[in-house]
Amino acid sequence: MLSEFRMPALGADMEEGTVVQWNVAPGDTVKRGQVVAVVETDKGAIDVEIFEDGVVREIVVQPGTKVAVGTVLARLETAGSMAATSPAPVAAGVSGGGAVAGVSAATPASSTKTVDVLAPAARARVSPAARVRARELGVDVATLAGTGPGGAITVEDVERVGVAPLRELPGGMRDAIAAAMSRSKREIPHYYLSQATDVTVATEWLAARNASVPVDQRVIFAALLIKAVAIACREVKGFSGFYREGRFEESPSVHVGIAVALRGGGLVAPAIMDAADKALPVLMEDFRQLVMRARAGRLRASELAAPTIILTSLGDSAVDAVFPIIQPPQVAIVGAGAVATRPWVVDGQVAPRQVISLSLGADHRVTDGRLGAQFLARIAAKLAAPDAL
C-alpha cells in the first residue's frame, strides 16, 4: 500500500506552492525528517521534510509546477508495507531536478539507495533563497561566482549584479499576509490585554550572567521571554494549541513561534520546538540559528507548521507596545515592546526601573479576559525569577 506525500500548508496564509527541486528520486530510501524537496511560497524557498520512513515509488509533481496545498506530490511505500508486498516497478525519473537525474525507469526496487540529505551539487552551489532572488531580478545564476561556504552562491552574490527598481516586499507575500490577517480578524473574536512589567531583576541577572561566560555563550533578553512564555503556556491552559472544526485542541508540547522580519520586508514565524524544556543556552542557540536561517531562506516546513503560540517582539525598537493579530489555527499571540527605563513605585518610593509592556491577543472562543490576565501575570512572574528559567 502506497502512502501519499502532499503539499504541506506552511502557514495559515498559504494556499499554493511551487516545487522548486526534488532531492530524491524514485527508488530512493527516505527517513522521517529528511529534507526531500524545496518548495517556493510567498514567504520564500522552504525545505520540506518527509514524515515517514520508506521508499519513493513515484514523483507526481514536476519541478517548476505550482499546486494547491494538499496536492499529492509523491508516493512512497512505507517500511511497514514493504515487507508485505512484492517489489513494485519504479516510476521514471524526473527531469531537471538534480538528484533525480540519471535514474532509470527500469531500476528495480531492490536496488534502492539511501539519499544524501545534503542534496545534489547544484543545490549546494545555489541556495534556494538565492534562486528565488535571482528570478526576481532576472539574474542568471550560472554566470555568478559564489562567496558562500564551499563557493555557494548567496542572496548577496545575486544582489551585487542584479538591480531591483525598488527594494520592496514582493506583492504576492504582502497580499498573502493581508489575506491571512483579514481572515483572522473576520473569523476570530479577538480580545486584547496589556501589562507593564518590571524586568529589572531579569536584566540585571542577565548582565551578571553574561559577564561571567564567553561571548558565544551569552544570552539575550528575548531568550528569557521565549522561555517564560513557554512555561506560562504549560501552567495556564488555553493559550497553546489550535482551534479546528469548532473546537480547541490543547497542544501537549509548547512550540513557540518567533516572528522574524525578513530581508527586504515581510515576516515569518517559525517555531522553537519544545521551548519550555530547553536550557537557556540551548534555547538561545536555537533562536540564533532560527533567525539566521529564516533570513537566509533556509527554513524547514515543520518549523513553519509547528507553532502552538507566537511571540512577536519589538525589543530592538523604541515601540512601547505591540498588539498583534492571531495566526489561525492558533488561539493566542504574545507581544513585547522595548525594555525601557521608567519611573516605578518600589516599596512606596518612585525609582527608575527597567519596564516592558507585554500584550496578549487571544481567542474569545477559548479563553476570556480573566484567564488571559492570569497568563500574562504568569509570564511576568517567570521573568521576575530568571534564575529558575
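Guide: Grid points are joined across faces, edges and corners, and a volume is the space filled by probe spheres set on the points. Please keep in mind that this is a predicted model, in which local features need pLDDT of at least 70, side-chain atom pairs count only at pLDDT 80 or more, and totals for chains, interfaces and linings use all residues. Residues are numbered from 1 along each chain as its sequence is written, and side-chain values use heavy atoms, with hydrogens and water left out.

The largest cavity has a volume of about 60 Å³. Its lining (residues with an atom within 4 Å of a point) consists of Phe5, Trp22, Val24, Val30, Val36, Ile50, Val56, Ala74, Arg75 and Leu76. Nine of these residues are nonpolar, none is polar and one is charged; here Ala, Val, Leu, Ile, Met, Phe, Trp, Tyr, Cys and Pro count as nonpolar, Asp, Glu, Lys and Arg as charged, and the others, Gly among them, as polar. Strand β8 (residues 72-78) gives the most to this lining, with three residues.

That strand belongs to a set of 10 helices and 20 strands, taken as DSSP runs numbered from the N terminus (helices are H or I, at least four residues; strands are E, at least two). Of the 389 residues, 48% are buried, where buried means under 20% relative accessible area, exposed over 50% and partly exposed in between, with a 1.4 Å probe and protein chains only.

Now for helix α6 (residues 200-211). Its 12 residues reach 17 Å from first C-alpha to last, close to the 16 Å expected, a span worked out as 1.5 Å times one less than the number of residues. Thr200, Ala202, Leu206, Arg209 and Asn210 are buried in α6. The buried residues of this helix pack against β10 (190-198), α7 (221-235), α8 (280-295), β20 (349-363) and α10 (369-384).

In β10 you will find Thr197, which is buried at a relative accessible area of 5%. Among the residues that Thr197 touches, not counting those up to four places away in sequence, are Gln354, Val355 and Ala380; a contact means heavy atoms within 4.5 Å. Ser357, in strand β20, is buried too, at 17%. With that same exclusion of residues up to four places away, Ser357 touches residues including Ser194, Gln195 and Ala196.

Finally, the rings. There are three aromatic pairs, meaning rings of Phe, Tyr and Trp (its six-membered ring) with centres within 6.5 Å; planes under 30 degrees apart count as stacked, over 60 as edge-to-face and the rest as tilted. In one of them, Tyr192 and Phe323 have ring centres 6.2 Å apart and planes at 85°, so the pair is edge-to-face. Tyr192 lies in β10 and Phe323 in the loop between β17 (309-313) and β18 (332-336), so parts 131 residues apart in sequence are tied together. Tyr192 is partly exposed at 30%. Another pair, Phe239 and Phe375, is stacked, at 4.4 Å centre to centre and 10° between the planes. Both Phe239 and Phe375 are buried.

Notes:
On a 1 Å grid over the protein atoms alone, a cavity is a set of points where a 1.4 Å probe fits but cannot get out, and a pocket is an open set with protein on both sides within 12 Å along at least five of seven lines; lining residues have an atom within 4 Å of a point.
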